[in-house]
Amino acid sequence: MKTILITGAAGGVGTQLRRELAGKYLLRLSDLRPLAPGKGEKFARADISNLADALRITRGVDAIVHLGGYSVEGPWEGILSANIIGCYNVFEAARRNGVKRILFATSNHAVGYYPRSETIDHRVYIKPDSRYGVSKVFGEALGSLYADKYGMQVFNMRIGNVNPAPIDKRRLSIWLSPRDLAQLVTLGIEHPDIRFEIVYGVSDNTRSWYDNANAYRLGYRPQDDAEAYAREILAREAPGNAIGDLYQGGAFTHVEAVPNPAPLPKSKTVHGPARKPAKKAVKKTKKK
Ligand code: 15L
């Protein structure tokens, strides 16, 4: 049985994942916070902003599910230490310990400034909505470097919102049920041919903003759709913030925001697939 390290295992996503993966893998759980391991689990307390800790917990595992770090917008010092330095330490420790496969929990907030009117795929240019979102972009970029330079196998899951049920209108578009989370993580661990992939960690939501074709190509077949909860959620939804309601990142886009004179992009196109390049006005030069 494979041994899988889950960093940040005491958090919300880690807690759901442990339950779903129980019995499938031997789980090595790490976190700053204490945690009581269950059957088939071992706990190693660690501060990933310390490289020695990262080296200790990554030794001898088959794959890493890196969830650890600051999970919301926060002060720069906290993001820097947990999500930038901590993320670097986990990748670097994995490389030094010969652990090839890392599943990185990136976030919808890496692309949170795309408007809700757009459907985006895994090839869009990043549009982080917060320092937190920037830290997730950093992790994706680091994974790209470690895949290209050191041959690591990096599976980036831009996670929406993991909960037993969607909690509001925005989450009807980005919900990830615990069992779909487990399916996606299992795919990331088991797929024989991963080099560097970005997928959206969302269920099969009718109101999705994502073209998750890359995940489907790799074999992801989500079982749940937030639409089953839509009527109940929309009935109780209170009016939201004007900026937050425009963008996929929701509240992360309006905390600390100043009025921005830049207009919203008008197109409703799916980003990513090749588009015809705009014709350049090239001056014809006379042949001599
Ligand atoms: C995230 O990336 C966060 O980790 C989580 O706390 C939620 O804020 C989630 O995104 C979301 O957008 O709902």
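The lining of the largest cavity splits into three nonpolar residues, five polar and one charged, where Ala, Val, Leu, Ile, Met, Phe, Trp, Tyr, Cys and Pro count as nonpolar, Asp, Glu, Lys and Arg as charged, and the others, Gly among them, as polar. The model is a predicted one, in which local features need pLDDT of at least 70 and side-chain atom pairs count only at pLDDT 80 or more, while totals for chains, interfaces and linings use all residues. Residues are numbered from 1 along each chain as its sequence is written, and side-chain values use heavy atoms, with hydrogens and water left out.

Back to the cavity. On a 1 Å grid over the protein atoms alone, a cavity is a set of points where a 1.4 Å probe fits but cannot get out, a pocket is an open set with protein on both sides within 12 Å along at least five of seven lines, and lining residues have an atom within 4 Å of a point. Searching the whole structure turns up one cavity of 30 Å³ or more, and the largest cavity comes to about 40 Å³; a volume here is the space filled by probe spheres set on the points, which are joined across faces, edges and corners. Around it sit His66, Gly68, Gly69, Ala82, Asn83, Cys87, Phe104, Ser135 and Lys136. Two elements, α3 and α4, each give two or more residues to this lining, with α3 providing the largest share, three residues. Helices (H or I, at least four residues) and strands (E, at least two) are DSSP runs, numbered from the N terminus.

The largest pocket holds about 840 Å³ of space and has 40 lining residues, with Leu67, Gly69, Tyr70, Ser71 and Tyr132 nearest its centre. Elements that give this lining two or more residues include α1 (12–21), β2 (26–31) and α3 (76–96). The largest share, four residues, belongs to α1. By class, the lining of the largest pocket counts 15 nonpolar, 19 polar and six charged residues. The second largest pocket, at about 370 Å³, is lined by 20 residues, and Arg116, Lys169, Arg170, Glu237 and Asp245 lie nearest its centre. Its lining has five nonpolar, seven polar and eight charged residues.

And where is the ligand? It takes up the space of the largest pocket; a molecule sits in a pocket if more than half of its atoms lie within 2 Å of the grid points.

The side chain of Ser107 has an N or O atom 2.7 Å from an oxygen atom of the ligand, and a polar side-chain atom of Tyr132 is 2.7 Å from a ligand oxygen. For the side chain of Asn161, the distance to a ligand oxygen is 2.9 Å. On its own the ligand exposes 320 Å², of which the protein buries 81%, with areas taken from the Shrake-Rupley method with a 1.4 Å probe.

Technical notes. A polar contact is a pair of N or O atoms within 3.5 Å; within protein, one must be able to donate a hydrogen and the other to accept it, and residues adjacent in sequence count only if both atoms are side-chain atoms.
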